Amino acid sequence: MDLKIEPVTKQNRAAVTALRVKHGQEHFVETVEECLTEADQLALWRPVAVYDGAQLIGFCMYGLWGNNGRVWLDRFLLDAGSQGKGYSIPVLRALIARIREEYGCDELYLSVYKENTLALSIYQRLGFALNGELDINGEEIMVLPCKSLSVAKGGKTTEGAKRIYSVVA
């Protein structure tokens, strides 16, 4: 894998908005177009495209939300054609590292529908844990304590990491 995380720009926006999750996953995450509209309206969101080499495989949006200082991995999706190929964990590790570098946060948040058992499992493998809170859409909130952690190969946490937020795998 040659994973790259690049900002969404005028040049790649059309390709990024064409990304789609698998049939049956649509209710787990907003469309990329909806996410980009939100990012256009709220400068706090950072939308990025995920590539394996030159192949566009996914989308993510993250940012520092509200007055509570929580950093969120707010949206994450892999295109239907890129799912089931072992991308989720390596992409999330790369995103966690990027977010940690940009924000220097102590925790990373995400939200997930409890019915999305695959995403729950992936997040838990990376060290996210349910914190007992629900977001405004009724999604379970998960947090990755990152103050003195880093995400190691294999999804385990070790010294040096930060927090992350929301995924459709």
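Predicted model: local features only at pLDDT ≥ 70, side-chain atom pairs only at ≥ 80, totals over all residues.

Trainee: In what order do the strands of the open sheet come?

Mentor: Strands are DSSP E runs of at least two residues, helices are H or I runs of at least four, and both are numbered from the N terminus. Two strands pair if DSSP finds at least two bridges between them. Here seven strands make an open sheet with mixed pairing, ordered β1-β2-β3-β4-β5-β7-β6. At the edges sit β1 (3-7) and β6 (129-134), each pairing on one side only. β6 and β7 run antiparallel and are joined by three bridges; Leu 134 faces Glu 140 in β7.

Trainee: Which strands does α3 touch?

Mentor: Contact means heavy atoms within 4.5 Å. For angles, axes are lines fitted to C-alpha atoms (for helices, over the stretch in contact), and values run from 0 to 180 degrees between N-to-C directions. α3 packs on the sheet and touches β1, β2, β3, β4, β5 and β7, its direction making about 150° with that of β4. Helix α2 (residues 32-41) lies across β2, β3 and β4, at about 35° to β3. After α3 comes Gly 104, with a positive phi near 60°.

Trainee: Which element gives the most to the largest nonpolar core?

Mentor: In soluble globular proteins, nonpolar side chains tend to be buried together. Buried means under 20% relative accessible area, exposed over 50%, and partly exposed in between (1.4 Å probe, protein chains only). A nonpolar core is a set of buried Ala, Val, Leu, Ile, Met, Phe, Trp, Tyr and Cys residues joined through side-chain atoms within 4.5 Å. The largest one has 30 residues, and Phe 76, Leu 92, Leu 95, Leu 108, Tyr 123 and Phe 128 touch the most other members. α3 gives the most to this core, six residues. A second, separate core has 20 residues, including Val 21 and Met 61.

Trainee: Why does Ala 80 count as partly exposed?

Mentor: Because its relative accessibility is 29%. Ala 80 is in the loop between β4 and α3. Leaving out residues up to four places away in sequence, Ala 80 touches Arg 20, Val 21 and Lys 22.

Conventions
Residues numbered from 1 in each chain as written. Heavy atoms only, no water.
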